[in-house]
Amino acid sequence: MIRTHQPARREAVSRPGKPLQGCVNTPGDKSVSHRALILGALAQGQTRITGLLESDDVLATLDAVSRLGARVERLGGGQYVVQGTGGRFRPAKDALDFGNSGTGVRLMMGAIAGAGGQALLVGDDSLSSRPMGRVTIPLEQMGAHCRSTEARLPVEIQPAPLTGIDYRLPVASAQVKSAILLTALGASGETVVREDRATRDHTETMLRLFGADISVEAGGEGRIIRLNGPQILTGCQIDVPGDPSSAAFAAVAALITPGSDVTLKQVMINPSRTGLYKVLERMGASIAVTPAGEAAGESIANFGLRYSTLNAIDLEPDIAPSLIDEYPVLAVACAFARGRSRLRGLAELRAKESDRLAATHALLAVNGVEAHIEGDDLVIEGGTVRGGGSVRSLGDHRIAMSALVMGLAAREAVTVDDISMIATSYPAFIDDMTALGAMIRVHP
Ligand code: S3P
């Protein structure tokens with residue numbers, strides 16, 4: 001196996017203390033940041049980016065597009081200029097290392113195939129255990145040459161002539177949809193992607209900003225997306241909005257910590273991403289949403305959150321794509337809610353950075369919360385949370401952050417064995433939380 005760089009382990013402890021107060025400048029959205037770099041690299045001409053999330057996952061994508069011929073210049077403070085390749089990537093001499101990033105590697109498979117590139121794609125242990133067949137299968141149907149063993153990384157892509165396909169997504173996955181659309185940019189003829197349940201649509205929105213001709217039609221619960229290839233994108237300006245998935249941690253921390261009053265600024269409110277906030281409101285959360293304009297074709301808002309008494313929820317599976325990354329922190333909110341919650345249809349969580357369904361259950365159980373997995377559902381008995389547990393983050397940033405949030409409102413402190421991977425998505429997490437008054441201590 002090709003081993004990639006993994007950062008040194010660091011333990012952290014969060015403990016109950018005072019109410020959380022203040023304001024967070026929400027970090028740039030991870031999904032939008034990856035896409036800004038990738039589309040900028042594919043486009044003809046210059047793309048200017050502000051507010052790029054400078055996390056390990058996004059920097060891995062930046063490194064990959066540079067090795068494929070895009071020129072990326074850092075102006076400082078999240079500002080970048082990308083000089084695109086006009087849709088033709090050069091062969092990558094060395095392996096492209098995507099670290100922990102499923103979005104980076106899956107979207108780049110599509111971009112590389114569509115841009116006639118040649119590359120070997122690798123990742124860390126977690127990424128190397130995640131399924132890649134969901135991308136390589138449709139890409140191969142389009143004519144792409146993808147080589148892998150048992151549909152896992154490393155995956156090698158070789159240039160090949162491509163034609164459009166008509167494809168119904170077997171899993172509700174924006175990564176798979178996006179990989180197909182990026183391949184379609186270099187394929188001849190029409191590509192149609194049919195999704196039964198609408199997933200995040202940042203690729204479609206941003207393709208339009210880069211001048212692509214793409215049509216999206218509502219089809220039942222989902223959508224039908226059509227793109228005629230080949231097409232060459234034109235560079236543009238992308239101001240990355242705040243990440244609702246990162247904002248989720250301070251949001252839940254404020255709701256469960258008595259006396260808290262927190263403002264989260266510039267949060268993207270694309271409906272395909274805000275499921276958590278709608279669910280929390282159904283549970284009784286006090287969330288004041290103040291519109292704050294637009295960025296990168298997406299609406300943004302400031303969120304005001306106050307400590308709230310939460311009630312349990314029985315959550316339907318259809319809503320899953322709009323809060324797919326937020327289930328661990330929602331489970332923490334449910335642990336503090338009155339009554340028994342049931343989060344239904346969580347099978348996809350098993351294919352995330354960890355088996356996130358098992359990891360979420362373990363995080364609850366080790367802190368004295370009565371919870372069990374029934375088929376693909378997670379059942380949680382809410383109330384007072386004992387805490388005092390030592391949580392294994394299992395290489396999963398969202399498990400680590402959720403556990404630290406729990407410790408802020410439990411009766412006893414919560415320890416997380418390793419938080420180093422939080423830098424994959426939210427490098428400023430500890431600083432932002434401690435600035436709100438959270439008692440989190442990191443042991444180097
Ligand atoms: C993402 C899509 C989701 C999500 C991931 C980011 C994206 O994955 O979990 O964190 O940017 O397209 P799936 O497409 O596998 O559901």
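**Strands, helices and one loop**

Modeller: To begin, Ala12 stands opposite Val442 in E24. Please keep in mind that this is a predicted model.

Colleague: How many bridges join strand E1 to E24?

Modeller: Strand E1 covers residues 11-15, and it runs antiparallel to E24. Ala12 has Val442 of E24 opposite. The number of bridges joining E1 to E24 is 5.

Colleague: Moving on to E13, which residue is the bridge partner of Val193?

Modeller: Strand E11 (residues 189-195) runs antiparallel to E13, and 7 bridges join them. Val193 has its bridge partner in E13, and that partner is Ile225.

Colleague: And which residue in E13 is the bridge partner of Ile214?

Modeller: Strand E12 (residues 214-219) also pairs with E13, in the antiparallel sense and over 6 bridges. The bridge partner of Ile214 in E13 is Leu227.

Colleague: Which residue in the hairpin of E12 and E13 takes a positive phi?

Modeller: The hairpin has 2 residues between the strands. A positive phi near 65 degrees is taken by Gly220.

Colleague: How many residues of E13 are buried?

Modeller: Strand E13 spans residues 222-229 and is mostly covered. Buried means under 20% relative accessible area. Of its 8 residues, the number buried is 6.

Colleague: Now the helices: are H3 and H5 roughly parallel or roughly antiparallel to each other?

Modeller: Helix H3 (residues 102-114) and helix H5 (residues 133-141) pack at an angle of about 20 degrees, with their axes 10 Å apart. Angles under 35 degrees count as roughly parallel. H3 and H5 are therefore roughly parallel.

Colleague: Which residues of H5 make the contact with H3?

Modeller: H3 passes H5 in a right-handed crossing. On the H3 side the contact is made by Arg106, Met109, Gly110 and Ala113. The contact residues divide into 4 nonpolar, 2 polar and 2 charged. Those from H5 are Arg134, Val135, Thr136 and Leu139.

Colleague: How many residues in the contact of H8 with H9 are nonpolar?

Modeller: The axes of helix H8 (residues 244-256) and helix H9 (residues 275-282) come within 10 Å and cross at roughly 20 degrees, and the crossing is left-handed. From H8 the contact has Pro244, Ala247, Ala248, Ala251, Val252 and Leu255, and from H9 it has Leu276, Tyr277 and Leu280. There are no polar and no charged residues, and the nonpolar ones number 9.

Colleague: Which residue just after H7 takes a positive phi?

Modeller: Helix H7 (residues 202-209) is mostly covered, with 6 of its 8 residues buried. The buried ones are His202, Thr203, Glu204, Thr205, Met206 and Leu207. Just after H7, a positive phi of about 85 degrees is taken by Gly211.

Colleague: Last, the loop between E10 and H6: is Ser173 buried or exposed?

Modeller: Ser173 lies in the loop between strand E10 (166-168) and helix H6 (174-184). Leaving out residues up to four places away in sequence, Ser173 touches Arg134 and Thr199. Its relative accessibility is 7%, so Ser173 counts as buried.

Terms used: Residues numbered from 1 in each chain as written. Predicted model: local features only at pLDDT ≥ 70, side-chain atom pairs only at ≥ 80, totals over all residues. Heavy atoms only, no water. Buried < 20%, exposed > 50% of the residue type's maximum accessible area, 1.4 Å probe, protein only. Helix = DSSP H or I, 4+ residues; strand = E, 2+ residues; numbered from the N terminus. Pairing = 2+ DSSP bridges. Axes fitted to C-alpha atoms, helices over the stretch in contact; angles between N-to-C directions. Parallel < 35°, antiparallel > 145°, perpendicular 65-115°, else oblique. Left-handed = near helix turned anticlockwise from the far one by under 90°. Contact = heavy atoms within 4.5 Å. Nonpolar A, V, L, I, M, F, W, Y, C, P; charged D, E, K, R; others polar.
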